[in-house]
Amino acid sequence: MPSERCDVLVIGSGPSGAIVTHTLASRGFDVVCLEQGDWVNPSDFPANQPEWELLCEHAWAHDPNQRKLPADYPLDVSASDLTPVMFSAVGGASLFYGAHWLRLLPSDFRLRSLDGICDDWPISYDDLKPYHDEVDKFIGASGLEGDPAYPEGLTYPRPPHPPGPTGLRGAAAANELGWHWWPGANAIAVNKTKTLEPCARRGTCEWGCPEGAKSSFDLIYMPQALQAGAKLIHGARVREVTTEPGGLADGAIWLDRDGVEHHQRARVVVLCANGIGTPRLLLLSGGEAHPDGLANSSGLVGRNLMLHPNCLVTGYYDDAMESWLGPAGQLIHSMEFYETRPEHDFPRGCKLHLVPIPGPLTTINVHRELPFDAVWGDSFHGVAARHAGSMLWAANTEDLPEESNRIVLDPDLTDDLGVSAPKVEYQISEDNWKILRFAVERMEELHRVAGAAETFAVELDEDQPGHLLGTARMGDDPASSVVDSFGRSHDVPNLFIADGSVFVTGGSVNPTCTIAAIALRVGTHIAETADRQPIPS
Amino acid sequence: MDSSSRLSVPELPRCLPRELSPSERRALAATADVLVGTHPSLQRPSESARFHEALDRSLLARIDSFEAVVADASAILASPRGIEATLRELAEASPDSFHVLSSVLAGAYLILPEVRQAIGYPGQERRFARFDESAEQLMNGILDPVIERGPIFRQP
Ligand SMILES: Cc1cc2nc3c(=O)[nH]c(=O)nc-3n(C[C@H](O)[C@H](O)[C@H](O)COP(=O)(O)OP(=O)(O)OC[C@H]3O[C@@H](n4cnc5c(N)ncnc54)[C@H](O)[C@@H]3O)c2cc1C
Ligand code: SF4
């Protein structure tokens, strides 16, 4: 069914899609956003129920292969060291994210210049700064200015959340070790901010915020985009970006829940389907003229996947510290080991964060590695009571781009509408393993100095690579990149990408703050260059 | 395809797919008794009517494993080797089955308000921060060593 042609078609309604949709709709463009999921209400989230921890094990699992909701597509992870996690809904994975909200550092954009590895980004820290500032203001990001891990000028519109007893304990340990720490920066409302409610510190942020306090982008940006006149079609799974004979994108074919095909025509198409969904769509598109997929003359679509492998150490203390008190969110973060250091036998490093542990079943699960008698039977109440004195240090580690880490189309697996599913081919590099082990040792040290009675380390957290980056990288040279620094495809000049796919390197801060700034920059550029934009006839 | 159903929210049934038989209930409660041991001021799961209400919630939350959990508990109760020995064997031989069984039973027990009180966990409560709470915690010199050290980032 053909549609009216819109000015801009946005595919995906997560943080990047919501920001692009808002940016263009509020400037008067006719914008349609297609999203395969639908709306979730804060009252739907599992944390509204006392058995929420059990609900999160399966029905609300982070892993789409587990929860298998109608909105999800499956991932073939048989050739991957990690199972990427995500969420498909209006607002995308931000419904599940922890809202840790840190920018990349200046060095992140210059790895070739500084360390002789990878490639420099075509943009710098300063290029993104105004866009960061604008997004932070819009969502009321919370944090404390003056973080010495960053250049001067990083301010937050709202104060930080209180670190609470666990955050302060971790901070005191970092002080004793002489390490950097700073009050956590979070995209979580400290007080009422536009369409966001104040945080009630329930600490269940990573399974949906029942208060509507976290900046998930169905609650901020998308409501304002709709108010500005954007049209959101949910339950719309895009199967293919279409092109006209001249090679320009002219819209997308999407399937509704009954499998009926629709064609949304557009002057400009912006992909915001994340670092896995976007390359999947490009590989699905282009028809016979592009057997390797659309916008793929470089051969790099799907390649250089980065996932930030996570590791963690849970510590149990003899004092009760109200360990469930949110947000989670990060209570404090440490950038002590973020940068390349001459004394390390690996390049780059990791970002550490201290987070609360919301429920007692988690504490039972953490102890499962102990012998039966140390957890069950007469030990049970003692273990469960340790929950009140627990805290978690976790780390994102930097995985450098490698072409062999990639997304391809699975030859057999499809989603429930018959569209080819992505296959993830991803191996953790030896350098990355070194960072993981190093980070575990540092987090053990933090707990030890803080007086932990026992610690439990997980060298590779299987539930956390929700950071999906690098699979359609930006660059100035069409031979070695997919899009330019404004997200415009080198091959198809009215096709843009505004999500984490465009990262050249991944840093080790959580990426959404940067994704949001990039999306605002892409959206603004589309608006500002609209009079020169080639469009299909 | 039912286009009225929700796409991004799991639609869990409101009640169990079938009535549990008295012997199945007994098996689940007896297995829970062994898993959570005894506490001087708390009723054992098999003695607590509230445990059975909580158990229904837990079983619904893991409806994907409902039959497997019930079958495992029934087999454990029926085993001539006794509940504890059979549970230990399950934990060794089939950790995934043991995980879901023990999560459902421990999870049900941990929902009970008296259990939460005994372990010092209030449940996820709404605790809005006072307006001056973060200033009070941070503006007392705790950040001084970090600030005194100065910038730590590399400037390209
Ligand atoms: C458990 C978890 C914790 C996280 N914690 C943090 C954190 O603390 N801080 C942080 O910075 N980041 C965090 N992240 C990552 C963060 O959620 C993502 O970086 C962010 O959501 C990416 O935004 P996006 O718009 O690029 O993509 P997404 O949010 O993934 O949105 C993409 C949207 O596109 C839709 N889509 C995909 N394909 C199609 C198609 N073919 N047709 C129609 N629609 C489609 C999807 O349904 C989805 O809604 C976390 C992620 C998870 C899962
Ligand atoms: S801690 Fe705050 S943001 Fe997180 S779930 Fe609770 S209310 Fe929401």
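This is a short tour of a predicted model, stop by stop, with something to select at each one.

Before you click, note that residues are numbered from 1 along each chain as its sequence is written, while chains are lettered from A and ligands numbered from 1 in the order in which they are written. Because the model is predicted, local features need pLDDT of at least 70 and side-chain atom pairs count only at pLDDT 80 or more, while totals for chains, interfaces and linings use all residues; side-chain values use heavy atoms, with hydrogens and water left out.

**Stop 1: the two domains of chain A**

Colour residues 1-97, 103-142, 216-303 and 468-537 of chain A as domain 1, then 148-201, 310-398 and 429-460 as domain 2. These bounds come from an automatic or database domain assignment. The C-alpha centres of the two domains lie 29 Å apart. Where they touch, 35 residues come from domain 1 of chain A and 41 residues from domain 2 of chain A (contact means heavy atoms within 4.5 Å).

How much area is buried between domain 1 and domain 2 of chain A? It is about 2900 Å², and carbon and sulfur atoms give 55% of that. Buried area here is the accessible area (1.4 Å probe) that two parts lose on being put together, summed over both. Now select A:Leu105, A:Ser142 and A:Ser508: they supply 25% of the area that domain 1 buries against domain 2, more than any other three residues.

Next, show the side chains of A:Arg348 and A:Asp108, which meet in a salt bridge at 2.8 Å, N to O. (A salt bridge is a side-chain nitrogen of Lys or Arg within 4 Å of a carboxyl oxygen of Asp or Glu.) The count between the two domains of chain A is one salt bridge, along with 21 residue pairs in polar contact, both at pLDDT 80 or more. A polar contact is a pair of N or O atoms within 3.5 Å; within protein, one must be able to donate a hydrogen and the other to accept it, and residues adjacent in sequence count only if both atoms are side-chain atoms.

Stay on the domain 1 side and pick out helices H2 (52-55), H4 (111-115), H5 (125-139) and H7 (222-227) of chain A, the elements that give two or more residues to it. Helices (H or I, at least four residues) and strands (E, at least two) are DSSP runs, numbered from the N terminus. H5(A) gives the largest share of this side, six residues.

**Stop 2: ligand 1**

Centre on ligand 1. It is surrounded by 34 residues, and the closest are A:Ser16, A:Glu35, A:Ala93, A:Val238 and A:Thr512 (near means a heavy atom within 4 Å). Now look at the backbone. A backbone N or O atom of A:Pro15 lies 3.2 Å from an oxygen atom of the ligand, and a polar backbone atom of A:Gly98 is 2.9 Å from a nitrogen atom of ligand 1. At A:Pro511, a polar backbone atom is 3.4 Å from an oxygen atom of ligand 1.

**Stop 3: where chain A meets chain B**

Show both chains. Here 84 residues of chain A are in contact with 63 residues of chain B. The area buried between the chains is about 6400 Å², with carbon and sulfur atoms giving 62%.

How many salt bridges cross the interface of chain A and chain B? There are nine. For a pair to zoom in on, take B:Arg62 and A:Glu57, whose side chains meet in a salt bridge at 2.7 Å, N to O. The interface of chain A and chain B also has 34 residue pairs in polar contact, both at pLDDT 80 or more.

**Stop 4**

Most residues other than glycine have a negative phi, and most peptide bonds are trans. Go to the loop between strand E9 (310-316) and strand E10 (332-334) of chain A, where you will find A:Pro327. A cis peptide bond joins A:Gly326 and A:Pro327, with omega about 0°. A:Gly329 is in the loop between E9 and E10 of chain A too, and the peptide bond from A:Ala328 to A:Gly329 is cis, with omega near 20°.

Finish at A:Tyr221, in the loop between E4 and H7 of chain A. A:Tyr221 is not a glycine, yet it has a positive phi of about 80°.
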